[in-house]
Amino acid sequence: MNVNTQPPNPLQAQGITGAPTRNSSIELLRLACILMVVGFHYVLVSANEWLAQQPITVSKIACQMIMAGGWIGNFVFFTISMWFLIDRDATLRSSLKRIWILERELLFWSITLFAATAFLRHRDINAPGPSLSTLAERSALPISMTLWWYPTAYALFLFFLPFLNDCMRRLTARRHQQLAFGCLLL
């Protein structure tokens, strides 16, 4: 005897429950992008001017490919994030709320890293970068002062997301293809 008097949900019968399902291929691609970005920063910090002065060798080409891969990793990571956000019904209020949450998280890390930098400089341990007063100003408002460029770009994207959603819904299939091709070329 069936106690449930409500008819079954056809979406649940098809495996669509409303909750996003994780695709391990996409997660693996995101992980590869993260490793590309980390590799870029490792090569950039350790090689800097030295790499440009080296003769053409296999290791120089590998380092340059890692550096190029970092930019590609940034682009692909951001594109994956856009792909999952662009289809949601985002309002300006929900986007501003997400930006505020991001700002608070970054504020915690920027103050923590500022304290660590101040401690290292006080101990005369090499901590390159801007002066402590400049770093303190930028750490107080990490998104609006562009302490890190990626979160600032992401916050700008979140701000424009509701407007982009409206524009994307109004595009014809042909115009959407043209836009995607143009973005790919850029």
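This is a predicted model: local features need pLDDT of at least 70, side-chain atom pairs count only at pLDDT 80 or more; totals for chains, interfaces and linings use all residues.
Biologist: Let's start with the charges. How many salt bridges does the structure hold?

Modeller: One. R169 pairs with D89, and the closest N and O atoms are 2.9 Å apart.

Biologist: Which parts does that pair tie together?

Modeller: R169 sits in helix α6, while D89 is in the loop between α3 and α4 (92-122), so the bridge joins parts that are 80 residues apart in sequence.

Biologist: And are the two partners buried or exposed?

Modeller: R169 counts as partly exposed because its relative accessibility is 47%. D89 comes out at 67%, so it counts as exposed.

Biologist: On to aromatics. How do I read a ring pair?

Modeller: You describe it by two things, the distance of the centres and the angle of the planes. Here, a search of the whole structure turns up nine aromatic pairs. One of them is F108 with W109, which is edge-to-face at 4.9 Å centre to centre, with 75 degrees between the planes. F108 is partly exposed, at 48% relative accessibility.

Biologist: Which residues do ring pairs link into a cluster?

Modeller: F40, W71, F77, F78, W149, Y150 and F157.

Biologist: F157 is in that list. Which residues does L164 contact, leaving aside neighbours within four places in sequence?

Modeller: L164 is in contact with I86 and F157. The place of L164 is in helix α6, and at 35% relative accessibility the residue is partly exposed. L164 and I86 are 78 residues apart in sequence, yet their C-alpha atoms are 7.6 Å apart in space.

Biologist: Can you show me that kind of reading on helix α3? Where does V76 lie, and what does it touch?

Modeller: V76 lies in helix α3, residues 58-85. Not counting residues up to four places away in sequence, V76 touches L29 and C33. Take A32 as well: V76 and A32 are 44 residues apart in sequence and 9.8 Å apart C-alpha to C-alpha. V76 is partly exposed, at 23% relative accessibility. The cut-off for buried is under 20%, so 23% falls in the partly exposed class.

Biologist: Last topic, pockets. How is empty space found?

Modeller: Rolling a probe the size of a water molecule over the atoms shows where empty space is left. For our example, the second largest pocket has a volume of about 740 Å³. Of the 18 residues that line it, the closest to its centre are M82, W83, M168, H176 and C183.

Biologist: Which helices each supply at least two residues of that lining?

Modeller: α3, α6 and α7 (173-185) each do.

Biologist: And what is the lining like by class?

Modeller: The lining of the second largest pocket has 13 nonpolar residues, three polar and two charged.

Note on methods. Residues are numbered from 1 along each chain as its sequence is written. Side-chain values use heavy atoms; hydrogens and water are left out. Helices (H or I, at least four residues) and strands (E, at least two) are DSSP runs, numbered from the N terminus. Buried means under 20% relative accessible area, exposed over 50%, partly exposed in between (1.4 Å probe, protein chains only). Contact means heavy atoms within 4.5 Å. Rings of Phe, Tyr and Trp (its six-membered ring) pair if their centres lie within 6.5 Å; planes under 30 degrees apart count as stacked, over 60 as edge-to-face and the rest as tilted. A salt bridge is a side-chain nitrogen of Lys or Arg within 4 Å of a carboxyl oxygen of Asp or Glu. On a 1 Å grid over the protein atoms alone, a cavity is a set of points where a 1.4 Å probe fits but cannot get out, and a pocket is an open set with protein on both sides within 12 Å along at least five of seven lines; lining residues have an atom within 4 Å of a point. Grid points are joined across faces, edges and corners, and a volume is the space filled by probe spheres set on the points. Ala, Val, Leu, Ile, Met, Phe, Trp, Tyr, Cys and Pro count as nonpolar, Asp, Glu, Lys and Arg as charged, and the others, Gly among them, as polar.
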